[in-house]
Amino acid sequence: MYWIRIVLLSPIAAIYWLITSIRNWGYDQKILKSTSFEIPIISVGNLAVGGTGKTPMVEYLINQLSKKYTIAVLSRGYGRKTSGFLWVEKNQPPSQVGDEPLQIKCNYDQISMAVCENRVIGVQRIVKEKPKTSLIILDDAFQHRKIQPKVSLLLSTYAKPYFKDWLLPAGNLREGRYGANRADAIIMTKCPENFKPISPKSKPVFYAKSNYVNPNLDTPVFGFSGLANNNIFKKHLAKSYRLTGFIGFKDHHVYTQKQLDSLVKKANGATLICTQKDWVKIKDLKINHTIEKVNMSHQIIESDKFDNWLVQQIES
C-alpha cells in the first residue's frame, strides 16, 4: 500500500518538486531577496510536515542559551485567528497567538515571544521594540528563505528520516531532500534507547531523545492529544500508566467545551491526561474533572558538544 501510494501520487509530487525547486533556485541565485540582520538568528525547522519536535527544540535552546543571551522567539503562530505582528502573553487565548507560541511563553515568561507571518517584519519589530534582545530564534522557519539566519538547524525524526521520505503528497516532505544542504547541522530527534548513528554527512549530525515529565498518578488514565503523531504519545501513556482509552485529534486541534465534556464522559472516572500543547488550549474552558498534563523535552546526546558548537556558530 505504501509503494502504491507513492506511485499513484508521484505525478503530483513531481509538480510540487518543480515549484519548490524553482523557488529555492531563485533564492540561491539571489533573484529572490533574502534579508540578513546584524543580530544573530537561529532558525529551527524541518523538511517534513510536523512531528519532528520543533517546539521542544526551541525550548531546549532557550534553556541552554538564556544565561548568555537576551532571547526573543518569533513564530508564525500557526492556527491563530489573528494576523500581523503580536507580542504573546500568558493570559492570551491560543486563538490569538497559536498553541505552540503560547506554550513557550507559559514555560518561559522571561523571554520575549512574538508571532508574525512575515518574519522580516517580525524581526524588525523585535529589534525596534526590544532593543536589548541579543539573539532571535525563528520557530518553523527552514522554508522561510526571506531571512538569512546565522545558524540553521534541521530536525528530522530518527524513525522516519528525511532522506527516506518523499515529497508531498506522496510523502511528507515540504521540499526535496537536497534542501538539507542549507542546514548548518542536522538533529535526529526521538531516537530510541539503542540507536545507531546514521551514515556520515557533510555537516554535523546530533541526536536527541524524548524526555517526558510525567505526573505521579496511581489512578487509571484516559489520554487525548492533538499532535502530528498522536500514536507516539499514546504508546508513552500505555507504557507509563494504566491507560483505559485514548482519542487522537489532528495537529493544532482547537477544543470546544462540548468536546471536553465528551472526553470527561468517555473517561468514565479515569483521570484525563494530555500534552502541555493540548493543555494550553483547554485551560480556560470549564473543567469539572481532573486533567493532568505531560511535558515533553529534548535530551541532546553529547549536549556539551552540541552547545559548544552552537555558541561557536553564533559568535563566529
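A: Buried residues make up 49% of the 316 residues in the chain, where buried means a relative accessible area under 20%, exposed means over 50%, and partly exposed lies in between (1.4 Å probe, protein chains only). The model is a predicted one, in which local features need pLDDT of at least 70 and side-chain atom pairs count only at pLDDT 80 or more, whereas totals for chains, interfaces and linings use all residues. Residues are numbered from 1 along each chain as its sequence is written, and side-chain values use heavy atoms, with hydrogens and water left out.

The chain has nine helices and 12 strands; these are DSSP runs numbered from the N terminus, with helices (H or I) of at least four residues and strands (E) of at least two. Its radius of gyration is 20 Å, which agrees with the value near 20 Å for a compact globule of 316 residues; the radius is taken over C-alpha atoms, and the globule rule is 2.2 Å times the number of residues to the power 0.38. Along the principal axes, the C-alpha trace spans about 60 × 50 × 40 Å. Among contacts with a separation of 6 or more, 70% join residues 24 or more positions apart, contact meaning heavy atoms within 4.5 Å.

An α-helix has 3.6 residues a turn, so residues three or four places apart point the same way. At the N-terminal end, Asn 118 caps H5, with a side-chain oxygen 3.2 Å from the backbone nitrogen of Val 120.

The loop between helix H1 (2–28) and E1 contains Lys 30, which has a positive phi of about 65 degrees although it is not a glycine. Lys 30 is exposed, with a relative accessible area of 73%. Asp 140 lies in the loop between E5 and E6, and its phi, near 55 degrees, is also positive in a residue other than glycine. Asp 140 is partly exposed, at a relative accessible area of 27%.

Strand E6 holds Ser 152, which counts as buried at 6% relative accessibility. Not counting residues up to four places away in sequence, Ser 152 touches Ser 43, Phe 142, Arg 182, Ala 183, Asp 184 and Ala 185. In the loop between E6 (151–157) and E7 (185–189) is Pro 169; the peptide bond from Leu 168 to Pro 169 is cis, with omega near -5 degrees.

Helix H2 (residues 54–65) contains Met 57, which is buried, with a relative accessible area of 0%. Beyond its neighbours within four places in sequence, Met 57 has contacts that include Val 44, Leu 153, Leu 155 and Phe 306.

Definitions and conventions
Polar contact = N/O pair within 3.5 Å; in protein donor to acceptor, adjacent residues only side chain to side chain.
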